[in-house]
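Hi there,

Here is the structure I promised to pass on to you. Have a look at it first, and then read on for what turned up.

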Amino acid sequence: MPDANTALLANRLSRTTLDALPPAIERPAYDRAAVTPGIVHIGLGAFCRAHLATYTDDVLATGETGWGIVGVDPLSPAIRDALKPQDGLYTLLVREEGRDSLRVVGSFLDAMATADQLDEALALMATPEIRIVTLTVTEKGYCQDAATGSLDEMHPLIRADLAAPDAPRSVPGLLAEAIRRRRAAGVAPFTVLVCDNLAQNGIKVRGIVIRYAELRDPDLAAYIAEHVSFPCTMVDRITPATQDADRATVDAALGCSDAWPVVSEPFKQWVIEDRFPLGRPAWEKAGAILVDDVHPFELMKLRCLNGAHSLLAYLSVIAGIETIADAMADPHLPAVMRRLWAEDLIPTLPPVPGTDIPAYTAALEARFRNPGIRHRTIQISSDGSQKLPPRLLEPARELFAAGRTPAVIPLAVAAWMRFLLEVDEAGNAYTVADPLAGALTGIARAHRDDPAALADALFAIGDVFAPELAAEAGFRTAVVAWLESLMTAGVRPTLEAFLATP
């Protein structure tokens with residue numbers, strides 16, 4: 001006779017098991033069979049399923065039926081393979097101290113992977129029913145030059161796509177080919193809605209896609225420039241990677257198996273520029289903020305939340321601190337973070353409509369302290385070569401341009417440089433996940449005993465450090481000093497020394 005675990009695994013979350021879930025489990029409050037696709041979402045990671053999908057799920061519950069989502073994963077079929085047997089359904093586990101709530105989300109109608117469904121995905125994107133293509137592919141997914149924000153024309157995926165443009169492997173290539181197919185069929189172009197943490201994300205991705213199209217077909221580039229809308233957005237919801245313990249919690253609560261649930265904090269925010277020529281869901285009914293200019297909101301979030309995350313992550317990984325909540329229990333890290341906000345980041349922000357920025361950062365600190373969210377510092381540490389420029393290096397440049405010297409950013413940069421050694425202070429190894437990992441870790445290994453040489457070699461990487469920032473003698477001196485302290489004295493004495501400075 002099969003045991004209870006075997007029976008649980010055989011009983012999978014799907015439309016046939018939805019009605020049998022315990023009453024406490026929230027579930028789609030609408031007829032999913034009546035919903036048709038209106039959105040293709042590229043990138044099936046946890047964030048979009050905790051954010052875009054929940055806003056859209058709430059809109060579908062109001063009676064709008066034309067905005068279901070079909071997910072397309074450009075990297076791996078793994079999430080597709082998890083969601084397909086579940087009819088696109090999955091569980092959102094919202095965690096805060098002392099309380100969990102579970103919600104089955106129904107807005108994803110189907111899932112694909114370009115690895116073996118490229119033609120199918122492109123055909124869907126070319127249909128008139130698809131009016132919006134949303135994206136969460138991380139900074140590196142756009143094949144950008146991190147230092148300039150423009151297309152990296154030598155990126156291997158870009159070179160491959162230019163050689164075979166009708167079978168794209170990159171995100172810019174996929175968007176351009178889908179738009180070309182729509183144009184050839186006489187179908188108006190979809191809106192491209194970027195939901196990644198890039199400053200002026202719509203503007204930046206528009207430039208990347210147009211430049212790719214110029215290299216492929218200048219006439220297509222002119223068409224995209226004239227006819228395709230790329231609204232900017234600001235997205236915010238802390239969504240750690242799903243752990244086996246989370247899956248066990250979800251399965252026990254559902255009474256059936258969910259192959260890939262998502263975990264998030266209660267807070268969510270979405271600010272969107274309202275430019276959708278073919279229409280959009282009424283996301284404002286679900287709490288989204290529709291504006292003419294998202295830039296002040298996104299800059300505040302990108303620098304204050306994501307910039308603080310980067311600072312905490314690199315120092316924590318080096319010190320062997322596993323999660324952001326653990327970092328907030330450290331005797332020194334919260335004080336360093338507050339100084340980053342007050343001295344380096346808030347002074348670079350424009351006024352944000354309806355927002356008290358110090359109150360916003362105080363709320364961020366409370367969110368970071370949520371022990372229910374085990375947001376792993378090694379996860380946040382990924383892709384530093386892409387994330388540091390918009391989060392911390394651009395504010396540093398702005399401070400210098402205004403005649404001010406950044407106080408905390410040099411420490412954060414030094415922590416990233418020390419992080420590249422791939423071993424923490426206790427001798428535990430970890431792996432650097434970054435598009436430039438090979439080059440970065442090779443430099444770190446070559447100069448592991450010479451902080452000044454390590455810093456000089458990294459400052460020479462133009463994909464990370466803009467020349468004008470690398471040329472700031474005071475910045476270089478401060479970074480080298482903090483790097484030497486981290487490499488010789490360690491994190492704790494370095495933080496104590498930092499907090500002792502005015």
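Which residues does methionine 487 touch, not counting residues up to four places away in sequence? They are Arg418, Leu421, His447, Arg448, Asp449, Asp450, Pro451 and Leu454, where contact means heavy atoms within 4.5 Å.

Before going further, please note that this is a predicted model, in which local features need pLDDT of at least 70 and side-chain atom pairs count only at pLDDT 80 or more, while totals for chains, interfaces and linings use all residues. Residues are numbered from 1 along each chain as its sequence is written, and side-chain values use heavy atoms, with hydrogens and water left out.

**Helix α21**

Methionine 487 has its place in helix α21. Helices here are DSSP runs of H or I with at least four residues, strands are runs of E with at least two, and both are numbered from the N terminus.

Buried residues of α21 are Phe475, Val479, Val480, Trp482, Leu483, Ser485 and Leu486; buried means under 20% relative accessible area, exposed over 50%, and partly exposed in between, with a 1.4 Å probe and protein chains only. These buried residues pack against several helices, among them α11 (295–319), α16 (384–401) and α22 (491–500). After α21 comes glycine 490, with a positive phi near 105°. For a sense of distance, the C-alpha atoms of methionine 487 and threonine 16 are separated by 57 Å, and the two residues are 471 residues apart along the chain.

Strand β2 (residues 68–73) runs parallel to β5 and is joined to it by 5 bridges; aspartate 73 has alanine 113 in β5 as its bridge partner.

Another open sheet has 3 strands in the order β4-β3-β9, and its pairing is mixed. Here β4 (99–105) and β9 (262–264) are the edges, each with a single partner strand, so one side of each is left without a neighbour in the sheet. Strand β3 (residues 90–96) is joined to β9 by 3 bridges and runs parallel to it, with valine 94 opposite serine 264. Between β3 and β4 there are 7 bridges, and these strands run antiparallel; leucine 92 stands opposite arginine 103 in β4. The two form a hairpin with 2 residues between them, and glycine 98 in the turn has a positive phi of about 80°. Of the 7 residues of β3, 6 are buried.

Helix α3 (residues 52–60) lies across β3 and β4, at about 65° to β4.

Strand β8 is joined to β10 (residues 269–273) by 4 bridges, running antiparallel, and valine 235 stands opposite tryptophan 270 in β10.

There are 12 aromatic pairs, counting rings of Phe, Tyr and Trp (its six-membered ring) with centres within 6.5 Å; planes under 30 degrees apart count as stacked, over 60 as edge-to-face and the rest as tilted. Tryptophan 270 and tryptophan 283 form a tilted pair, 4.7 Å centre to centre with 50° between the planes. Tryptophan 283 lies in the loop between β10 and β11 (289–291), so the pair ties together parts that are 13 residues apart in sequence.

Enjoy exploring!

Note on methods
Two strands pair if DSSP finds at least two bridges between them. Axes are lines fitted to C-alpha atoms, for helices over the stretch in contact, and angles run from 0 to 180 degrees between N-to-C directions.
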